[in-house]
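Colleague: I have the sequence and the model open side by side. Could we go through the fold, beginning with a detail of the backbone?

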Amino acid sequence: MNKFILTSVLTLLSFNANAKFKCLSNNGYSDHQPLFSVELEHSKYAPVTGEVKLKKSFSGFDAVFDSEDDDDGDGLTDLLANPVFVSYHLKGVQPDESGEYHEPEVSIKRPSDWYKSPEFDFLWNNRPEVSVKRIDNSYDGIGAVWNRGHWAMSDHVQRISPEAACNTHNFWNASPQAKDLNQGPWRHLENYSAAASNKFGEVWIITGPIFDKNKTIYYIGDEKEIPVAVPHALFKVLIREAGDSVDVLPFIYEQENELALTGKYKGKPIPSAAWVNCNKAGKGGHQYRHSQNLVSLAEIEMRTGLTFFSSIEENKRKALVESKPVKLWVIESKYWDKSSYCGKFPPL
């Protein structure tokens, strides 16, 4: 067994169901060094960006972050303070003796302030209007509206080790996500992704924000804080291998937002839509319908500037990216961790 995987398994087994692994920090920086496994190919299906971006690898995911560039082509430097995308390889868990699938029992005590990243100093250097050098602070006072939304889910990365899960709490791996979207259909899609990895043994996930060029971008963050752009939409691409080919499920979840005209959040961006939170979906018998969010890869490419499967022969690539799935992969209930499921089964 790979030494890293063995170490991770032993680490998980050293905790009981009620224990929490405390995420450590050193002056605000992560005290958990990334460990890498040859069995995990996080960037195997990562798309290509049109411009040079900031890149960084973690145990549980690879991330590409928006740099000092001009995404909207208006001649001015964009500073979105968002990832461009996050990619990760999610291995399935093994069933227990009864054939049920369960997530690792260990959970983490998250850092109250997310970890600093020195690579982001361009977000405050040479910007006299910014003196608060933590992206965390930009969410203060509006965190109940916009979550620090993970792209690589902490529970997914916990399958590797608790230390790896701790390192998901950094802004290489987050964007403002509407609370009930993040904790509702998006969370349910993450649970579906985990169940899919259990059925197929592994999946690859590419996910990130969408900023539409023809729409106004609003920002969170008060005076002196780092302005953090609120995405117009979220995308996720699930990929599984089937012999010599791949099967792809691309999704877009719109996240339209506008400035509040009155009330507590007056002058700040708020979501224009509503979603069913997982905490209410079970009691209300809500059935998540992800198939209505299926799109072609071509639509994600058009709205993000990313290029998927660039190494494939062009005719085959064109057929792959222009195809739009009409339904989800069938993932039977036994592959789901029942404690993490929310809403009516099955999802549609």
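Colleague: Which residue just after H8 takes a positive phi?

Modeller: This is a predicted model, in which local features need pLDDT of at least 70, side-chain atom pairs count only at pLDDT 80 or more, and totals for chains, interfaces and linings use all residues. Residues are numbered from 1 along each chain as its sequence is written, and side-chain values use heavy atoms, with hydrogens and water left out. Helices (H or I, at least four residues) and strands (E, at least two) are DSSP runs, numbered from the N terminus. With a phi of about 80°, the residue just after H8 is Gly305.

Colleague: Which residues of helix H8 are buried?

Modeller: Buried means under 20% relative accessible area, exposed over 50%, and partly exposed in between (1.4 Å probe, protein chains only). The cover over the buried residues of H8 (residues 297–304) includes E10, strand E13 (233–242), strand E14 (245–254) and helix H9 (314–322), where contact means heavy atoms within 4.5 Å. The buried residues of H8 are Leu297, Ile300, Glu301 and Arg303.

Colleague: How many of the nine residues of strand E6 are buried?

Modeller: Strand E6 covers residues 83–91 and is largely enclosed by the rest of the structure. The reason is that its count of buried residues is eight.

Colleague: How many bridges join E6 to strand E10?

Modeller: Two strands pair if DSSP finds at least two bridges between them. Strand E5 (residues 62–65) runs antiparallel to E6 and is joined to E6 by four bridges, with Ala63 opposite Val86. E10 (residues 202–210) also runs antiparallel to E6, and Ser87 stands opposite Ile206 there. The number of bridges between E6 and E10 is six.

Colleague: Is Leu35 buried or partly exposed?

Modeller: Leu35 lies in the loop between strand E3 (29–30) and strand E4 (54–57). Its C-alpha atom is separated by 9.7 Å from that of Ser161, 126 residues apart along the chain. At 46% relative accessibility, Leu35 counts as partly exposed.

Colleague: What is the radius of gyration of the protein chain?

Modeller: The protein chain has nine helices and 16 strands. Taken over C-alpha atoms, the radius of gyration is compared with the globule rule, 2.2 Å times the number of residues to the power 0.38. For 348 residues that rule gives 20 Å, and the chain is close to it, so it is as compact as a globular protein of that length, with a radius of gyration of 20 Å.

Colleague: What percentage of the residues in the protein chain is buried?

Modeller: The C-alpha atoms fill a box of roughly 60 × 50 × 45 Å, taken along the principal axes. Of the 348 residues in the chain, the buried share is 51%.
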